[in-house]
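This briefing sets out selected features of one protein chain. The points are grouped by topic for reading alongside the sequence and the model.

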Amino acid sequence: MNVLLIEDEDLAAERLAKLIREHDDSLTILGPLDSVDDAVDWFATHPQPDLLLLDIHLSDGLSFSIFNRTSVHCPVIFTTAYDQYALRAFSVNSVDYLLKPVDPTQLGRALNKWRSRLMPVPVLAPDLIRQLSRDIAHLSRAYKTRFLVKFGDHLQFRNTDDVAYFYADGKIVYLVSTDNRRYVIDYTLEELEMQLDPRQFFRVNRKVVARINTIRDIRTNVGGRLRLHFQPAPDDEVFVSRERVPEFKAWLEQ
């Protein structure tokens with residue numbers, strides 16, 4: 001039984017291969033491939049594998065485009081770090097999806113589920129492709145790189161690299177820069193979540209969207225929450241809400 005790995009992070013690919021062998025050393029692991037183009041070329045020149053482990057974000061785009069460019073008949077286990085919209089979409093047609101870092105127990109369950117089926121997954125129908133494309137279209141666009149802000153009677157722009165964090169105070173949302181300046185911006189936190197690069201920014205609770213480079217320390221807190229320390233430091237303490245802690249930890253490790 002052949003398992004093809006498509007993963008653009010070398011360490012993640014090596015770890016996945018190791019976990020697969022530990023679960024079932026009879027499986028032959030192919031790859032890894034790290035791009036959409038390589039995957040399309042591979043499927044054009046090789047027989048279908050028995051199983052595909054597929055990362056959602058590859059070096060040249062979303063792996064979903066592979067299904068638009070070639071026929072994939074084999075079962076698929078998707079892996080991802082954070083893409084909740086993609087998870088909901090891909091779970092319709094996949095054996096399973098796994099959040100990074102991949103948990104060995106969850107991987108074992110997914111492989112057992114695949115073993116119990118051992119039936120090829122039908123080719124994605126055009127109408128389903130269109131539906132899934134709409135669901136994850138927001139992931140295909142470029143993420144926001146700067147914001148227009150007011151400073152006194154002047155208009156300025158701040159690059160996202162200059163952002164420490166965003167926070168909401170009532171209905172007003174502020175951008176706090178790495179030099180500890182505060183600006184009012186015309187965006188809600190929900191809009192920011194959709195427009196910011198999720199590898200760099202994470203909404204830790206109802207009021208704060210944090211940038212990874214400005215988190216200086218993380219401390220555990222009674223009740224299962226995490227307390228964050230930023231540089232520059234905000235006026236109030238910032239906690240990761242309890243229900244977001246697992247996703248936050250996965251985000252830190254991606």
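Helix α1 passes helix α5 in a right-handed crossing. Their axes come within 10 Å and cross at roughly 60°. The model is a predicted one. Its protein chain holds nine helices and 17 strands, and buried residues account for 45% of its 254 residues.

**The pairing of α1 and α5**

- On the α1 side, the residues that meet α5 are Arg15, Leu16, Leu19, Ile20 and His23.
- Their counterparts in α5 are Pro104, Leu107, Gly108, Leu111 and Asn112.
- Each helix is listed in the cover of the other: α5 is included in what covers the buried residues of α1, and α1 (10-23) is included in what covers those of α5.

**Helix α1**

- With 14 residues, α1 reaches 20 Å from its first C-alpha to its last, close to the 20 Å expected at 1.5 Å a residue.
- Ala12, Ala13, Leu16, Ala17, Leu19 and Ile20 are the buried residues of α1.
- An α-helix has 3.6 residues a turn, so residues three or four places apart point the same way.
- Asp10, Leu11, Glu14 and Glu22 are exposed on the face of α1 turned away from its buried side.
- Besides α5, the cover over the buried residues of α1 includes strands β1, β2, β3 and β6.

**Helix α5**

- Helix α5 comprises the 14 residues 104-117, which at 1.5 Å a residue should span 20 Å; the end C-alpha atoms are 20 Å apart, in agreement with that expectation.
- Leu107, Gly108, Ala110, Leu111 and Trp114 are buried in α5.
- Viewed down the axis of α5, the buried residues fall within an arc of 160°, and they therefore line one face of the helix.
- Arg109 and Ser116 are exposed on the other side of α5.
- The cover over the buried residues of α5 also includes strands β3 (51-55), β6 (76-80) and β7 (96-99).
- At the N-terminal end, Asp103 caps α5, with a side-chain oxygen 3.0 Å from the backbone nitrogen of Thr105.

**Helix α2**

- Helix α2 (residues 36-45) has Val36, Ala39, Val40, Trp42 and Phe43 buried.
- The arc that these residues cover around the axis is only 160°, which puts them on the same side of α2.
- Asp41, Ala44 and Thr45 are exposed on the face of α2 turned away from its buried side.
- Strands β1 (2-6), β2 (28-33), β3, β4 (57-58) and β5 (61-62), together with helix α3 (64-69), are what the buried residues of α2 pack against.
- Ser35 caps the N-terminal end of α2, placing a side-chain oxygen 3.1 Å from the backbone nitrogen of Asp38.

- Asp55 belongs to strand β3 and counts as buried, at 3% relative accessibility.
- The side chains of Asp55 and Lys100 make a polar contact at 3.1 Å.
- Leaving aside neighbours within four places in sequence, Asp55 is in contact with Ile6, Glu7, Asp8, Ser63, Thr79, Thr80 and Lys100.
- Ser63 lies in the loop between β5 and α3, and its relative accessibility of 0% makes Ser63 count as buried.
- With neighbours within four places in sequence again left aside, the contacts of Ser63 are Val36, Leu54, Asp55, Ile56 and Leu58.

- Asn205 sits in the loop between β13 (201-203) and β14 (208-211).
- Asn205 has a relative accessible area of 18% and is buried, because the cut-off for that class is under 20%.
- A polar atom of the Asn205 side chain lies 2.7 Å from the backbone oxygen of Phe239.
- Apart from neighbours within four places in sequence, Asn205 is in contact with Val238, Phe239 and Ser241.
- Asn205 and Val240 are 35 residues apart in sequence, yet 5.7 Å apart in space from C-alpha to C-alpha.
- Across the protein chain, 55% of the contacts between residues at least 6 apart in sequence join residues at least 24 apart.

Notes:
Residues are numbered from 1 along each chain as its sequence is written. This is a predicted model: local features need pLDDT of at least 70, side-chain atom pairs count only at pLDDT 80 or more; totals for chains, interfaces and linings use all residues. Side-chain values use heavy atoms; hydrogens and water are left out. Helices (H or I, at least four residues) and strands (E, at least two) are DSSP runs, numbered from the N terminus. The expected span of a helix is 1.5 Å times one less than its number of residues. Buried means under 20% relative accessible area, exposed over 50%, partly exposed in between (1.4 Å probe, protein chains only). The arc is that of the directions from the helix axis to the C-beta atoms. Contact means heavy atoms within 4.5 Å. A polar contact is a pair of N or O atoms within 3.5 Å; within protein, one must be able to donate a hydrogen and the other to accept it, and residues adjacent in sequence count only if both atoms are side-chain atoms. Axes are lines fitted to C-alpha atoms, for helices over the stretch in contact, and angles run from 0 to 180 degrees between N-to-C directions. A crossing is left-handed if the near helix is turned anticlockwise from the far one by less than a right angle, and right-handed if clockwise.
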